[in-house]
Amino acid sequence: MARRPTEGPTEAELEILHILWRQERATVREVCEVLNRLRDTGYTTALKLMQIMAEKGLVKRDETSRSHVYEAAVNQDEVQSKFVGTMLDRLFGGSYEKLLVHAIRAKEISAGELGRIRKLLDNVEKKRGKR
């Protein structure tokens with residue numbers, strides 16, 4: 001049976017992308033070691049996931065050495081923006097207010113994060129006032 005295409009990276013693929021965004025380049029073994037800190041992940045499972053990700057264009061594979069080295073082929077900000085946009089539409093009916101209310105209630109927010117959010121909102125308001 002053919003694999004059903006996904007709109008973006010799956011949860012498992014996102015975990016691997018986070019590793020590659022942090023480390024920039026890594027072998028399957030190196031990725032597997034990091035994944036094993038989260039949960040028991042076999043080498044062949046990590047290898048298969050990364051091969052699928054290469055087919056999907058999510059990662060690039062350098063095959064010049066014996067151990068293939070992978071790096072993210074997608075930009076972290078772009079992936080995050082796409083996911084937030086999809087979540088905003090699908091889960092919150094396009095309501096920024098509902099998204100922010102749930103995000104802030106779901107987890108403790110630091111004073112620094114709150115200050116940065118206020119500053120961001122102030123900047124948005126200033127830009128709108130200039131129009």
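## A walk through the helices and salt bridges

Let's start where helix H2 (residues 28–38) and helix H3 (residues 43–56) come within 9 Å of each other, their axes crossing at roughly 115°. Axes here are lines fitted to C-alpha atoms, for helices over the stretch in contact, with angles running from 0 to 180 degrees between N-to-C directions. Helices are DSSP runs (H or I, at least four residues) and strands are too (E, at least two), numbered from the N terminus. Where the two helices meet, Val28, Arg29, Val31, Cys32 and Leu35 of H2 touch Tyr43, Ala46, Leu47 and Met50 of H3, contact meaning heavy atoms within 4.5 Å.

Keep in mind that this is a predicted model: local features need pLDDT of at least 70, side-chain atom pairs count only at pLDDT 80 or more, and totals for chains, interfaces and linings use all residues. Residues are numbered from 1 along each chain as its sequence is written, and side-chain values use heavy atoms, leaving out hydrogens and water.

Now for the charges: the structure holds five salt bridges, each a side-chain nitrogen of Lys or Arg within 4 Å of a carboxyl oxygen of Asp or Glu. One of them joins Glu13 and Lys56 (2.9 Å, N to O). Glu13 is buried at 3% relative accessible area, while Lys56 is partly exposed at 37%; buried means under 20%, exposed over 50%, partly exposed in between (1.4 Å probe, protein chains only).

Arg39 and Glu15 also pair up, at 2.6 Å, N to O.
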